[in-house]
Amino acid sequence: MMTEPLIKVGIITDGMPDTRTTPDGIAVSNLLIGDGFHWQKRLNVTLRGEVIPLSVPQGNIHAINRLPVEQYLESVIGSEMNPDAPVEFLKAHAIISRGWALRKITGESGVLSSGKIHESGRIVTWEESDTHEGFDVCSDDHCQRYQGIPANSSAATSAAVSATRGLVLTDSHGKIADTRFSKCCGGRTEEFGTCWAEGDYPYLPSQSDPWCDLSDMAEEKRDKFLSTILRDYDRTTSDFREWIEEVSAGEIAERLSAKYGRDIGIILHLSPITRGKSGRITELCLEGTLGNVTIGKTLPIRRLLAADCLKSSWFDMEKREGVFILHGHGWGHGVGLCQIGAARMAAEGYDFRKILEFYYPGTKLTRLYE
């Protein structure tokens, strides 16, 4: 049995952060959250452990926070979701966040699996958190949200982490499972290979998920439920399961040129080439007056179609007078646990074991350290 390890977190800030020691930890200014997404903002936070400046920054990462994994998890659980969420959901989240982090620390996540395919007329890229060098994970959604000591109800997150200390999910070979999660799957989860490297895990299937459908709740009950599970900046997004977005052909052409240096003239059509089992588009063909180009996988599609990243790549579309109207489902990649659905399961009386059995079938609970 291993001992509790330390984790090294790359802190994303706008330049070298100001830091000062307080009775609670190290106060850090300008933590960037939601980088490139519609909820992007900056926070002043307090971190536990050590904060070590980088002599050579990695992009917008200027410092590393080193601390014990269990303390790291208390922050992650309170950053990903509201600490007022149902306790069984918080326990489930602690277990999957612990396993995901320990895969990075121990190297069980395997070789670097980011990828790029640039062919004539076809650009397919995906990015994994394994690309970080000198630290295990970063502080934002690229890995797991890490925003310091939770501002409210930290006792609940501490209790959830303590109650599950050392527990992870393992696969049929005894390896730590890749326990991905997203905000809302939109009614059906997705397979790993749709979003990242080719190949799938049997415990990450595409399956129907009725739990994130809150339409049967009375409006007052629904609002109260969401207020207990979502952070304040997430509450501004109310259409996370079914949504409609409009994007002009001109905006898409501008981003295509800025991101990839491609000019295909006026964009006439958007045509899905491949979809995952949930319906998420893996490769999208843009047809223009000067040629065509295919873009994938799911995140590049989302970033191309919206300046602040489309909620998901599961959508159908129609075109009216140079504007594409997207009718979409879900918020995030949809692989693994659906945070809205899992919280609903907990609110309906399911314990963390049942929640994990539903979202990661075939895995087993394993304690790696006391």
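Predicted model: local features only at pLDDT ≥ 70, side-chain atom pairs only at ≥ 80, totals over all residues.
The buried residues of helix 8 pack against helix 1 (69-80), helix 2, strand 11, helix 5 (219-229), strand 18 (337-338) and helix 9 (352-359).

**Stop 1: helix 8.** Select residues 339-347. Eight of the nine residues in this helix are buried: Q339, I340, G341, A342, A343, R344, M345 and A346.

Stop 2: In soluble globular proteins, nonpolar side chains tend to be found buried together. Select Y72, F89, I229, L337, I340, Y359 and Y360; of the 81 residues in the largest nonpolar core, these touch the most other members. Helix 2 gives the most to this core, with nine residues. There is also a second, separate core of 22 residues, which includes I252, V293, F315 and L326.

**Stop 3: Y72 and its neighbours.** Which residues does Y72 touch, leaving aside those up to four places away in sequence? They are I7, V9, L67, A101, V137, Q144 and Y146.

**Stop 4: aromatic pairs.** The model has six aromatic pairs. Y72 belongs to helix 1 and Y146 to the loop between strand 9 (137-138) and helix 3 (154-163), so the pair ties together parts 74 residues apart in sequence. Y72 and Y146 are both buried.

Next select W211 and Y350. Their ring centres are 5.2 Å apart, with the planes at 75°, so the pair is edge-to-face. W211 is in the loop between helix 4 (192-195) and helix 5, and Y350 is in the loop between helix 8 and helix 9, so this pair ties together parts 139 residues apart in sequence. Is Y350 buried or partly exposed? Y350 is partly exposed, with a relative accessible area of 34%.

Then select F192, W196, Y201 and Y203, which ring pairs link into a cluster.

**Stop 5: the largest pocket.** The volume of the largest pocket is about 1200 Å³. Select F37, D141, H142, L299 and R303: of the 45 lining residues, these are the closest to the pocket's centre. Elements giving two or more residues to the lining include strand 7 (115-119), strand 8 (122-126) and helix 6 (249-260). Helix 7 gives the most, with five residues. By class, the lining has 16 nonpolar, 14 polar and 15 charged residues.

Conventions. Residues numbered from 1 in each chain as written. Heavy atoms only, no water. 1 Å grid on protein atoms, 1.4 Å probe; cavity = no way out; pocket = protein on both sides within 12 Å on 5 of 7 lines; lining within 4 Å. Points joined across faces, edges and corners; volume = space filled by probe spheres on them. Helix = DSSP H or I, 4+ residues; strand = E, 2+ residues; numbered from the N terminus. Nonpolar A, V, L, I, M, F, W, Y, C, P; charged D, E, K, R; others polar. Core = buried A, V, L, I, M, F, W, Y, C linked by side-chain atoms within 4.5 Å. Buried < 20%, exposed > 50% of the residue type's maximum accessible area, 1.4 Å probe, protein only. Contact = heavy atoms within 4.5 Å. Phe/Tyr/Trp six-rings, centres within 6.5 Å; stacked < 30°, edge-to-face > 60°.
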